[in-house]
Amino acid sequence: MNKITALHSGTYYNLVSLFKEPFAKYFHKCVYLPELKKSDLDDCDILLVTDSLVVRHLQKNKELFKEFLKSGRTLVIGGRNEPQLWLEGIEYKELPFNFWWWLDKEHNDIDITPDDTNHELFKYIDFKDLIWHFHGGYKKLNGAKSAIKSKLDESVSVYQECSFGGGNLILTSLDPFFHHGCFFMPNASKFGAGLLERLMGLKV
């Protein structure tokens with residue numbers, strides 16, 4: 001089983017998602033981002049950058065993330081972390097979205113769709129459980145396996161996996177750990193559980 005280290009900023013939604021069940025059992029270690037040291041990552045296979053962290057702290061550690069990937073391990077980046085500002089080669093695309101789409105009875109279509117229905121992610125969760133809203137997307141990286149894409153710009157992926165920087169990158173603009181920790185949007189909790197199951201079974 002993979003050892004997953006998760007980064008957090010000490011916010012209430014981080015603490016609920018990472019330190020309480022049902023997700024706490026998946027983490028080998030949880031590290032407070034402002035105090036992150038290289039040695040914190042020595043014994044992990046997968047590094048999870050959970051949603052909505054403080055971007056300046058991520059930027060401060062960009063060389064550490066680069067070295068982590070170079071070592072051949074897996075970096076997972078959740079939504080609202082602006083990785084284009086601290087990881088070279090990432091291109092973010094702003095897209096319109098309805099934050100309350102999941103409660104909007106008049107506009108029951110959302111501007112994302114499966115990109116590859118055979119993607120490994122869908123062994124762990126149904127596409128319908130990924131629908132609440134999304135925060136933009138990322139241009140598809142070379143060789144990436146994209147599970148979810150934008151209907152507005154099909155070159156943009158909302159969830160993709162690829163070889164990157166000598167290791168593996170999983171990049172999404174969905175933010176399940178934020179919403180789970182805020183106690184609203186049930187589908188986000190389903191996605192968080194499915195993603196963690198996927199990471200535990202991922203070959204690294």
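Me: Is Cys30 buried, partly exposed or exposed, and what is its relative accessible area?

Reply: Buried means under 20% relative accessible area, exposed means over 50%, and partly exposed lies in between, with a 1.4 Å probe and protein chains only. Cys30 has a relative accessible area of 23%, and it is therefore partly exposed. This is a predicted model, in which local features need pLDDT of at least 70 and side-chain atom pairs count only at pLDDT 80 or more, while totals for chains, interfaces and linings use all residues. Residues are numbered from 1 along each chain as its sequence is written, and side-chain values use heavy atoms, with hydrogens and water left out.

Me: How many disulfides are there?

Reply: In general, a disulfide is a covalent bond between the sulfur atoms of two cysteines. The rule used here asks for a pair of cysteine sulfur atoms within 2.5 Å, and by this rule the count is zero.

Me: How many salt bridges does the structure hold?

Reply: A salt bridge is a side-chain nitrogen of Lys or Arg within 4 Å of a carboxyl oxygen of Asp or Glu, and the structure holds 13 of them. One of these joins Asp40 and Lys37, whose closest N and O atoms are 3.7 Å apart; Asp40 is buried at 12% relative accessible area, whereas Lys37 is partly exposed at 46%.

Me: Which parts of the chain does the salt bridge between Lys93 and Asp153 link?

Reply: The closest N and O atoms of Lys93 and Asp153 are 3.7 Å apart. Strands (E, at least two residues) are DSSP runs, numbered from the N terminus. Lys93 lies in strand S5 (residues 92-93) and Asp153 in the loop between strand S8 (145-150) and strand S9 (156-164), so that distant parts of the chain, 60 residues apart, are linked. Lys93 is partly exposed at 31% relative accessibility, while Asp153 is buried at 17%.

Me: Which residues are linked in a network of salt bridges?

Reply: The network consists of Asp115, Lys140, Lys149 and Glu154. Within it, Asp115 and Lys140 form a salt bridge with their closest N and O atoms 2.8 Å apart, and both residues are partly exposed, Asp115 at 24% and Lys140 at 33%.

How values were computed
Helices (H or I, at least four residues) and strands (E, at least two) are DSSP runs, numbered from the N terminus.
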